[in-house]
Amino acid sequence: MKKIEAIIKPFKLDEVREALLEAGISGLTVTEVKGYGRQRGHIDTYRGAEYKVDFIPKVKLEIVITDKEVDRCLEVIIEKAQSGKIGDGKIFVYDMERAIRIRTGEEGEDAV
């Protein structure tokens with residue numbers, strides 16, 4: 001099993017989620033996060049005054065899936081989250097040692 005963490009732009013969330021559902025990937029956790037990468041924030045204007053935004057709002061998706069689903073999941077996220085502009089985000093893939101469904105006690109792929 002693998003855990004995928006994807007940091008994407010918030011307005012791309014619905015499109016990515018719907019595409020994942022169509023691909024048969026149904027379980028995910030979404031967290032609103034803030035951060036920056038190469039873009040290092042930006043300058044905004046509010047009522048004529050400029051101010052620096054150091055941390056950019058993003059959304060983090062966390063998905064635990066079977067090894068055979070990984071490539072398709074990555075393809076979907078990349079295809080739907082990509083705008084071609086700086087700040088599209090990042091994807092991280094981790095080995096998942098163990099997963100347990102609390103309600104039933106099922107473990108491994110059965111818990112996913």
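Is Leu 61 buried or exposed? In this predicted model, in which local features need pLDDT of at least 70, side-chain atom pairs count only at pLDDT 80 or more, and totals for chains, interfaces and linings use all residues, Leu 61 is buried, with a relative accessible area of 1%. Residues are numbered from 1 along each chain as its sequence is written, and side-chain values use heavy atoms, with hydrogens and water left out. Here buried denotes under 20% relative accessible area, exposed over 50%, and partly exposed the range in between (1.4 Å probe, protein chains only).

Leu 61 belongs to strand β5; helices (H or I, at least four residues) and strands (E, at least two) are DSSP runs, numbered from the N terminus. Contact is defined as heavy atoms within 4.5 Å. When residues up to four places away in sequence are not counted, Leu 61 touches Ile 4, Glu 5, Ala 6, Ile 8, Leu 13, Val 16, Leu 28, Thr 29 and Val 30. Leu 28 is 33 residues from Leu 61 along the chain, yet their C-alpha atoms are separated by 6.6 Å.

Two of the residues touched by Leu 61, Leu 13 and Val 16, are among the buried residues of helix α1, which are Leu 13, Val 16, Ala 19 and Leu 20. They cover an arc of only 140° around the axis, which puts them on the same side of α1; the arc is that of the directions from the helix axis to the C-beta atoms. An α-helix has 3.6 residues a turn, so residues three or four places apart point the same way. The buried residues of α1 pack against β1, β2 (29–35), β5 and α2. Just after α1, Gly 24 adopts a positive phi of about 85°.

In helix α2, the buried residues are Val 70, Cys 73, Leu 74, Val 76, Ile 77 and Ala 81. These residues cover an arc of only 160° around the axis, which puts them on the same side of α2. Asp 71 and Glu 79, on the other side of α2, are exposed. Among the elements that cover the buried residues of α2 are β1 (2–8), α1 (13–22), β5 (56–65) and β6 (89–95). The length of α2 was also examined: at 1.5 Å a residue, its 12 residues (70–81) should span 16 Å, and its end C-alpha atoms are 16 Å apart, which agrees. The expected span is 1.5 Å times one less than the number of residues in the helix.

On a 1 Å grid over the protein atoms alone, a pocket is an open set of points where a 1.4 Å probe fits, with protein on both sides within 12 Å along at least five of seven lines, and lining residues have an atom within 4 Å of a point. The second largest pocket has a volume of about 230 Å³, a volume being the space filled by probe spheres set on the points. Its lining comprises 17 residues, of which Gly 27, Leu 28, Val 64, Ile 65 and Val 112 lie nearest the centre. The largest share of this lining, four residues, comes from β5.

Val 112 is found in the segment after β6 and is partly exposed, with a relative accessible area of 42%. Leaving aside neighbours within four places in sequence, Val 112 is in contact with Met 1, Val 64, Ile 65, Ala 99 and Arg 101.
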